[in-house]
Amino acid sequence: EEVINIMNGLLKNELTNGFPMPEAIQKLAIKVSNYREQLSLTRQGKVTAIQYVLATLSVIACTYVCYAGDAWISQDDAIMLYFATTYLLAYRMGLGPAIWAVILSIACFDAVVAPPAFQLLWNHAASFIVLFPAVVLQGYRTSKLKEHANNLEERVEERTKQLALTNKKLSEEAEKQRITEDKLRRTVEELGRSNAMLSQFARIASHDLKEPLCVIQGYVSLLNSRYEEKLDDDGKDFLGYIVDASKRMTRLINGILQHASVSNNTRKFEDVNVSTCLDDACANLEQRILESGAVISRGPLPNIMADRAMLTQLFQNLIANSLKFQQAGVTPRIHITAEHMDSSWNFALQDNGIGIEPEYRDRVFGMFKRLHSTEKYPGNGLGLAICKAIIDHHNGKIWVESEKDNGSRFCFNIPAKS
């Protein structure tokens, strides 16, 4: 039986994990499987033969009791004894042995218990007609019950094998998932350490860069104050270039520090009024707004769970970006709206600036990604990158919808419960 089970497992690829099986082993497995079916039929035949033998012996024993106890067992009692014996056989063995036992009981009763032949059988015909069909009916029920029981056992066995195979696959999948989760956890830990090291490097590098830059600016100012009258026009231009370059370098260093602080910020969120953050951003840009004559309007803005300082910085950078990239001779107009969608708030900032060509929409959110020269539009290329870092920190998404010369619509969403 153990060998047969192993061979059946090979045939169903339960033990080979889906790999091809050698032809010789496959033929052997098929032969063993066929032998199992033959063995099952042989066993079933042996069981049936034993049942008929037991039925015959039971009727003979009943006949002997009736014949030996003729003095104190009446013919009606004998009929009841035959009925009880055959009914018990029908209950235990099924229809075939039950019919055989009924036929044999009638023959033995007529030939041994109540001779001469058929004389008393007719006298008790009513009893036989009433009692022995009940035996046949019980045998039929028992056979059907055994048939259903065998079918149920086969289904249970098959189902058990399927469950065992499924359990094996689930165990393998669980092991693979555990390995994947371990790899993912280690990757996240390494990424966290890498980000921390990069942030620390950015702060240290920016701090170290600021010191010589301050020295350069100091000496340039000193040269300009002491030797301004002695310098010709070219010398003054050269000093101006140095001053402009140092200012751009200062802005660049400050932008890097700001981006690093946003990416590694661990402050907890709080209930923030978005309209208040927008007011603060406009106050920080008050001088530029007055100089450009910009008109900034807004729709109803909600309260959300967010970092107040970051949200203010986000609006400040977006508005500053819209003020910078304006069409010549056109009054800047900026409108901010908010809409609740499912489990998040969708914000939009619409301007009437120069717009962005479709192929550059994703590029504008990268660090140091510029679409125009610094001479035409000054800046360090970090404003929108900082906006993306802020939105990422809030588990949101930011994108731009724009066409060249038709303004830009900067959209971002923030979960209602970050």
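A residue counts as buried when its relative accessible area is under 20%. Keep that cut-off at hand for this tour of a predicted model.

Start with the whole protein chain selected. Of its 418 residues, 32% count as buried. The chain exposes about 26,400 Å², and carbon and sulfur atoms supply 58% of that area. Coloured by secondary structure, the chain shows 10 helices and seven strands. Take the contacts between residues at least 6 apart in sequence: 70% of them join residues at least 24 apart.

Next, select Cys277. Its relative accessibility is 0%, so Cys277 counts as buried. Then go to Cys387, which also counts as buried because its relative accessibility is 0%. How many disulfides does a search of the whole structure find? The search finds zero.

Now display the sheet. Five strands form an open sheet with mixed pairing, in the order β2-β4-β5-β7-β6. The edges are β2 (295-298) and β6 (397-402); each has a single partner strand, so one side of each is left without a neighbour in the sheet. Ignoring direction, neighbouring strands of this sheet are turned by 15 degrees against each other on average.

Within the sheet, select residues 333-341 and 344-351. These are strands β4 and β5, which pair in the antiparallel sense over eight bridges.

Finish with helix α7, residues 274-284. This helix lies across β2, β4 and β5, and runs at about 170 degrees to β2.

Note on methods: Residues are numbered from 1 along each chain as its sequence is written. This is a predicted model: local features need pLDDT of at least 70, side-chain atom pairs count only at pLDDT 80 or more; totals for chains, interfaces and linings use all residues. Side-chain values use heavy atoms; hydrogens and water are left out. Helices (H or I, at least four residues) and strands (E, at least two) are DSSP runs, numbered from the N terminus. Buried means under 20% relative accessible area, exposed over 50%, partly exposed in between (1.4 Å probe, protein chains only). Contact means heavy atoms within 4.5 Å. Accessible areas come from the Shrake-Rupley method with a 1.4 Å probe; for residues, only the protein chains shown count as cover. A disulfide is a pair of cysteine sulfur atoms within 2.5 Å. Two strands pair if DSSP finds at least two bridges between them. Axes are lines fitted to C-alpha atoms, for helices over the stretch in contact, and angles run from 0 to 180 degrees between N-to-C directions.
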